[in-house]
Amino acid sequence: MPKIEDIQLNIIKDSKGEDTLKAVMTTENISACSSIPKGKSRGEKEAAVVSIEKVLMNFEKIKPKILNQSFNCLFDFDNFLIDLDQTKNKQNLGGNLTLVLSQTFARFLSLYKQKELWQTLEEEFFILNPALEKTLTFSPPLFFFNLLNGGKHAPYGPYIQEYLIIPQTNSPQKSLSLAIEFLQNLKIYIIQNYSQCNFGDEGGVLIPSNDYEEPLKIFKEIKSKMNSEIEISFGLDVAASSFYHKEEETYHLAPSRTLSSQELLETYLDLNKKYNLFSLEDPFEENDFESFKNLKQKIGERTLIIGDDLTVTNSQILNQAAQNDAISGIIIKPTQIGTITETLQTIGLAHRKGIKAIISHRSAETTDDFIADLAIATRAYGLKSGSPQNPERVVKYKRVISILNNK
Ligand code: PGA
Ligand code: ZN
């Protein structure tokens, strides 16, 4: 392996216009760069995000140490960072600093080996999870499109955070085209019914109503008019921690609807009857494994029960969720854990436990398409990258399509 000769850390703007990190690693012949996103509805147990000022200071301290070493693989590089940090959740260096370096090193390695990023990640993935190489088969990831934004991702609207469509096709190209058509119809509907169409953080439309069922009614109407040959399923990312009141142990699902967890569960059963939900992400607050399990027992045969804030891409918590039989799907966000190696370990564990991994963007994104390569490399079940309205979301879907066209 060549030594990294220089690393630059730059501050760039994300899709929300806020500062985020971009790293560039160079040798005489190689220049690899990547940037990282940031979440707004963050799980309590996620890797720490430290301030940009502190990141810059930390970076100056560790940069000479990195430049002094030679790393054979991503595992070596990430372990070096983990050892330097010495905390459970990357509190010292910052998960944002460790991830941007880890991601950039993965690209650096790829360029050095003259391979595609997904090939390098695949190699690392199977080194970490050797038994999976023989058992995992490849099929393209399903796309999860968030077309209507609520909760923390919207200035107004329902308290449920994401209303998704999931076209049931193994053609990513057809899936993207269908989502673009659906979104177009949705925009027309919104303009006709609410006079103007605004967008939330992930490029989904907004509605001026707190009614949590309204978006599903609209989706159903559009779906029936489109009459597509490909089935268009619906899903929710409830992000229930964002409207959970800890002291009262209740959920404020809408301004005048305060529910116990049992009542919330019944609400899901009712919605599921009417809209046949394909997936339900974070239906309860992030420590309530028991309610996840109860819901999974009721509807888990046909509906994916997905952990995001619940599991935060952490293999130990995933283990706990699996032991509790709480989930059948897991959202994977490298930012939640802070290195790509640990992300690969969590995805490997998900495969071994029979839990479907859905690789995900964050609400404040950049145009980096790293997660598309990650999804292909790890045989992920799905890719969740928002609405096709915004370029920072579309690049990820398109990268999957382009990898598969050239594979
Ligand atoms: P975040 O939300 O990126 O704002 O945390 C995304 C999600 O909850 O899936
Ligand atoms: Zn989520």
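1. Let's start with Lys 38: in this predicted model, Lys 38 comes out as partly exposed, at 25% relative accessibility. Its salt-bridge partner is Glu 18, and the closest N and O atoms of the two are 3.5 Å apart. Glu 18 is partly exposed as well, with a relative accessible area of 36%. Have a look at where they sit: Lys 38 is in the loop between β3 (31-35) and α1, while Glu 18 is in the loop between β1 and β2 (19-26). That makes this a link between distant parts of the chain, 20 residues apart.

2. Now go to Asp 6 and Lys 63, whose side chains meet in a salt bridge at 3.4 Å, N to O. Asp 6 belongs to strand β1 (residues 6-13) and Lys 63 to helix α1 (residues 52-68), so this pair ties together parts that lie 57 residues apart in sequence. Is Lys 63 buried or exposed? Lys 63 is buried, because its relative accessible area is 18% and the cut-off for buried is under 20%. Asp 6, at 25%, counts as partly exposed.

3. Next up are Asp 19 and Lys 13, which form a salt bridge of 2.7 Å, N to O. Lys 13 counts as exposed, with 55% relative accessibility. Asp 19 is partly exposed, at 34%.

4. How many salt bridges does the count come to? The answer is 28, and the pairs above are among them.

5. One more thing to find in the viewer: Glu 162, Asp 237, Glu 281 and Lys 384 are joined into one network by salt bridges that share partners.

Notes: Residues numbered from 1 in each chain as written. Chains lettered and ligands numbered in written order. Predicted model: local features only at pLDDT ≥ 70, side-chain atom pairs only at ≥ 80, totals over all residues. Heavy atoms only, no water. Salt bridge = Lys/Arg side-chain N within 4 Å of Asp/Glu carboxyl O. Helix = DSSP H or I, 4+ residues; strand = E, 2+ residues; numbered from the N terminus. Buried < 20%, exposed > 50% of the residue type's maximum accessible area, 1.4 Å probe, protein only.
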